[in-house]
Amino acid sequence: MEQKVAMVIGANGVIGSNLIDHLATLDDWRVIGVSRRGGQDTGKVRYVSADLLDPAGTQATLGGLTEATHVFYAAFQDRPTWSGLVRPNVEMLANVVDAVDPFIRHVNLMQGYKVYGAHLGPFKTPAREDDAGHMPPEFNVSQQELLEQRSGTWTWSALRPSVVTGFALGNPMNLAMVIAVYAAMSKELGLPLRFPGAPGAYGPLLEMTDAGLLAKAAVWAATSAAAANQAFNINNGDLFRWPDMWPRIARVFEMETAPPLRMRLEDVMADKQPLWDAMVAKHDLAPHTYKEVSSWGFGDFVFSWDYDFLADGSKARRLGFHEFVDTERMFLDIFADFRRRKVIP
């Protein structure tokens, strides 16, 4: 069995950490996790720390890891404007490519529905990989263009998930954590579980992407000849509306629901650190800081979508990736995992 070595860039995020967990279960893979914080080495996984915005440092750190065969790129630098995201995120990817270009076989890039303009407002649905582009700037598009221009001795693939859900702490884009902590705090205060989104955001069709499913898709895209040099929408395969999903989530927390009420979570949750600290002590939770479990800005973003948010995932299925996940079951499993880890009561 040929041994492959994955270099996972963005190892501590919800996508990267779940990808590492999956790769660690596969006999023919070893893993190098790359992030600014590094990590704790295990049997098949070792971590290195790198500032990807430092070209010389990235070259010094990654350029010597010549045993790596595949790069899985899931790093992200946040900025306050859409245009501001382009320079740092394209430069980080370029620095990685410069370092690994002589020896890598494949680069797998994580994108998202921003390629279709989903973050800007109502967009064509279901979105398809060959849909027309939109006016730049958009860093996802620029990153793919970079790979298209630089590839030659290696191939690339790009995955476009919907909202990715799974376990990760300190991650600014984790909807499952938003819902779990919001529900736990609401229950602690004796409140019903209210949908806090925009008035028109309760009814549209939505879909999610389970982080474990995305990890399997990444390995498939990176190793399948049929997937080389192409982009793929990756989603769970089912659709839902919040009026159906929200009461089911409430039942998991043994809570009643009440009519939706527009609340900006970044505002109403800003003063809740004392409540969180008290809950950690009262319920003997793991000692995670309030900042580590807070993704309120991302929650506000997702709960503002008053339009359908979905893409056609059939291209990946036609070329050989047939995995799917039931989204309700996904939420229930993630919340159960949070409880096992003592993140929530």
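The secondary structure of the protein, a predicted model, comprises 12 helices and 11 strands, where helices (H or I, at least four residues) and strands (E, at least two) are DSSP runs numbered from the N terminus. The radius of gyration is 20 Å, close to the 20 Å that the globule rule gives for 345 residues, so the protein is as compact as a globular protein of that length; the radius is taken over C-alpha atoms, and the rule is 2.2 Å times the number of residues to the power 0.38. Along the principal axes, the C-alpha atoms fill a box of roughly 60 × 45 × 40 Å. Because the model is predicted, local features need pLDDT of at least 70 and side-chain atom pairs count only at pLDDT 80 or more, while totals for chains, interfaces and linings use all residues. Residues are numbered from 1 along each chain as its sequence is written, and side-chain values use heavy atoms, with hydrogens and water left out.

Of the 345 residues, 56% are buried; buried means under 20% relative accessible area, exposed means over 50%, and partly exposed lies in between (1.4 Å probe, protein chains only). The protein exposes about 14700 Å², of which carbon and sulfur atoms supply 52%. These accessible areas come from the Shrake-Rupley method with a 1.4 Å probe, and for residues only the protein chains shown count as cover. Among contacts (heavy atoms within 4.5 Å) between residues at least 6 apart in sequence, 80% join residues at least 24 apart.

Backbone geometry was examined next. Most residues other than glycine have a negative phi, and most peptide bonds are trans. A cis peptide bond joins Thr125 and Pro126, with omega of about -5 degrees, and Pro126 is found in the loop between strand 5 (106-110) and helix 4 (139-150). A cis peptide bond also joins Pro136 and Pro137, with omega of about 15 degrees; Pro137 is placed in the loop between strand 5 and helix 4. Asn229 lies in the loop between helix 6 (211-223) and strand 10 (230-234) and counts as partly exposed at 38% relative accessibility. Glu254 lies in the loop between helix 7 (242-252) and strand 11 (257-258) and is exposed, with a relative accessible area of 66%.

Asn229 is also one of the residues touched by Thr155. Not counting residues up to four places away in sequence, Thr155 touches Arg105, His106, Val107, Ala228 and Asn229. Thr155 is placed in strand 6 (residues 155-161) and is partly exposed, with a relative accessible area of 27%. Between Thr155 and Ser49, the separation is 106 residues in sequence and 25 Å in space, C-alpha to C-alpha.

The protein carries 33 positive and 40 negative side chains, and the centres of the two sets lie 2 Å apart. Lys and Arg count as positive and Asp and Glu as negative, whereas His and the chain ends are not counted; the place of a charge is taken as NZ of Lys, CZ of Arg, CG of Asp or CD of Glu. Side chains of opposite charge can pair when their charged atoms come close. A search of the whole structure finds 18 salt bridges, a salt bridge being a side-chain nitrogen of Lys or Arg within 4 Å of a carboxyl oxygen of Asp or Glu.

One of these salt bridges is formed by Arg46 and Glu67, whose closest N and O atoms are 2.5 Å apart. This pair links distant parts of the chain, with Arg46 in strand 3 (residues 45-49) and Glu67 in the loop between helix 2 (55-62) and strand 4 (70-73), 21 residues apart. Arg46 is partly exposed at 33% relative accessible area, and Glu67 is partly exposed at 29%. Asp131 forms a salt bridge with Lys124, the closest N and O atoms being 3.1 Å apart. Glu323 and Lys216 meet in a further salt bridge (3.9 Å, N to O). Glu323 lies in the loop between helix 11 (314-318) and helix 12 (327-340) and Lys216 in helix 6, so the pair ties together parts that are 107 residues apart in sequence. Glu323 is partly exposed, with a relative accessible area of 39%, and Lys216 is partly exposed at 35%.
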